[in-house]
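The sequence and the model come first, and the description follows.

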Amino acid sequence: IIKKFRKGDLVRVEREQYLNSLESRASDDDLPEYIFLGPGEVLMIKDDYCQIRWRRPVPDVWLRTEHLVSYK
């Protein structure tokens, strides 16, 4: 298994990947724009999920690695 991200990496959510996923159908339709703009910091990685902390006063979230891209 090749890990796509490491702890401390800066990421953002790839809009098309996420919106076409099963997770998006099970979640709120009104997503905050900042998750698509980034950056969020990878705090922890477990299996196919990354725990992300945004630079805002909001809770950390777990997202599938396949929905994330490196922040540039």
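## Terms and basis

Two strands count as paired if DSSP finds at least two bridges between them. Helices (H or I, at least four residues) and strands (E, at least two) are DSSP runs, numbered from the N terminus. Met 44, for instance, stands opposite Gln 51 in β3.

This is a predicted model, in which local features need pLDDT of at least 70 and side-chain atom pairs count only at pLDDT 80 or more, while totals for chains, interfaces and linings use all residues. Residues are numbered from 1 along each chain as its sequence is written, and side-chain values use heavy atoms, with hydrogens and water left out.

## Overall build

The protein contains three helices and five strands. Read from the N terminus, the order of these elements is β-α-α-α-β-β-β-β. The radius of gyration is 11 Å, close to the 11 Å that the globule rule gives for 72 residues, so the protein is as compact as a globular protein of that length. Here the radius is taken over C-alpha atoms, and the rule is 2.2 Å times the number of residues to the power 0.38. The C-alpha trace spans about 30 × 30 × 20 Å along the principal axes of the protein.

Contact means heavy atoms within 4.5 Å. Among contacts between residues at least 6 apart in sequence, 53% join residues at least 24 apart.

## Surface and charge

A residue is called buried under 20% relative accessible area, exposed over 50%, and partly exposed in between (1.4 Å probe, protein chains only).

## Strand pairing

Strand β1 (residues 10–13) pairs with strand β2 (residues 40–46) in the antiparallel sense, over two bridges. In this pair Leu 10 stands opposite Glu 41 in β2. Strands β2 and β3 are also antiparallel, with six bridges between them. The bridge partner of Val 42 in β3 is Ile 52.

Strand β3 (residues 49–54) pairs in turn with strand β4 (residues 61–64), again in the antiparallel sense, over four bridges. Ile 52 stands opposite Val 61 in β4, and Tyr 49 stands opposite Arg 64. In a regular strand the side chains alternate between the two faces of the sheet.

## Turns and loops

Which residue in the turn of the β2 and β3 hairpin has a positive phi? That residue is Asp 47, with a phi of about 55°, and the hairpin has two residues between its strands. Asp 47 has this positive phi although it is not a glycine. At 71% relative accessibility, Asp 47 counts as exposed.

β3 and β4 form another hairpin, with six residues between them. Pro 57 is exposed, at 89% relative accessibility, whereas Val 58 is partly exposed, at 28%. From C-alpha to C-alpha, Pro 57 is 18 Å from Gly 8, with 49 residues separating their positions in sequence. Val 58 and Ile 45 are 13 residues apart in sequence, and their C-alpha atoms are 19 Å apart.

## Two further loop positions

Pro 39 lies in the loop between α3 (34–37) and β2. The peptide bond that leads from Gly 38 to Pro 39 is cis, with omega near -5°.

Is Thr 65 buried or exposed? Thr 65 is buried, with a relative accessible area of 15%. Thr 65 sits in the loop between β4 and β5 (68–70). Leaving aside neighbours within four places in sequence, Thr 65 is in contact with Lys 4, Phe 5, Asp 48, Tyr 49 and Cys 50.
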